[in-house]
Amino acid sequence: MDYSIMGAWDIIKRFLIGWTAAFGILVLISCVKHWDFIIASLANQALALFNAVMPLILIVYVLFYLIRSVFR
């Protein structure tokens with residue numbers, strides 16, 4: 001059997017992967033458990049959500065349009 005020595009970066013990668021997996025599982029469980037509350041809050045605040053997201057979409061679209069026009 002050949003034993004390999006793990007470097008510091010390997011340990012950091014495993015640590016970050018583990019925490020990311022744990023966070024993802026907790027978010028998934030929370031979304032399943034509180035699904036009715038999430039849907040109710042989105043339904044009640046749909047217009048506010050639209051007003052918050054639309055400027056961001058426009059800014060991203062304009063930035064991509066400007067970058068594309070510069071490289072033509």
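**View 1. Asp 10 and Lys 13 within helix 1.** Asp 10 and Lys 13 both belong to helix 1, which covers residues 8–33, and they stand three residues apart, about one turn of the helix. In this predicted model, their side chains meet in a salt bridge with a distance of 3.9 Å from N to O, a value that falls inside the limit of 4 Å used for such contacts. A search of the whole structure finds one salt bridge. Asp 10 has a relative accessibility of 31% and therefore counts as partly exposed, and Lys 13, with a relative accessible area of 37%, is likewise partly exposed.

View 2. Two aromatic pairs are found when the whole structure is searched. Tyr 61 and Tyr 65 form an aromatic pair that is stacked, with 6.5 Å from centre to centre and 20° between the planes. The angle is what places this pair in the stacked class, because planes under 30 degrees apart count as stacked. Both tyrosines lie in helix 3, four residues apart, about one turn of the helix. Tyr 61 is exposed, with a relative accessible area of 56%, whereas Tyr 65, at 45% relative accessibility, counts as partly exposed.

**View 3. Ile 5, ahead of helix 1.** Ile 5 is located in the segment before helix 1. With a relative accessible area of 84%, Ile 5 is exposed. Ile 5 and Ile 29 are 24 residues apart along the chain, and a distance of 36 Å separates their C-alpha atoms.

**View 4. The whole chain, as a setting for the close-up views.** The protein has three helices and zero strands, and from the N terminus on its elements run α-α-α. The radius of gyration is 22 Å, well over the 11 Å that the globule rule gives for 72 residues, so the protein is more spread out than a compact globule. Taken along the principal axes, the C-alpha atoms fill a box of roughly 60 × 50 × 15 Å. Buried residues make up 0% of the 72 residues, where buried means under 20% relative accessible area. The protein exposes about 7100 Å², and carbon and sulfur atoms supply 77% of this area.

**View 5. Confidence of the prediction along the chain.** The mean pLDDT of the protein is 90, and 96% of its residues reach 70 or more. Confidence is lowest in helix 2, residues 35–44, at a mean of 89, and highest in helix 1, at 94. Where pLDDT is low, the predicted coordinates should not be read in detail.

Key:
Residues are numbered from 1 along each chain as its sequence is written. This is a predicted model: local features need pLDDT of at least 70, side-chain atom pairs count only at pLDDT 80 or more; totals for chains, interfaces and linings use all residues. Side-chain values use heavy atoms; hydrogens and water are left out. Helices (H or I, at least four residues) and strands (E, at least two) are DSSP runs, numbered from the N terminus. Buried means under 20% relative accessible area, exposed over 50%, partly exposed in between (1.4 Å probe, protein chains only). Rings of Phe, Tyr and Trp (its six-membered ring) pair if their centres lie within 6.5 Å; planes under 30 degrees apart count as stacked, over 60 as edge-to-face and the rest as tilted. The radius of gyration is taken over C-alpha atoms; the globule rule is 2.2 Å times the number of residues to the power 0.38. Accessible areas come from the Shrake-Rupley method with a 1.4 Å probe; for residues, only the protein chains shown count as cover. pLDDT is the predictor's confidence in each residue, from 0 to 100.
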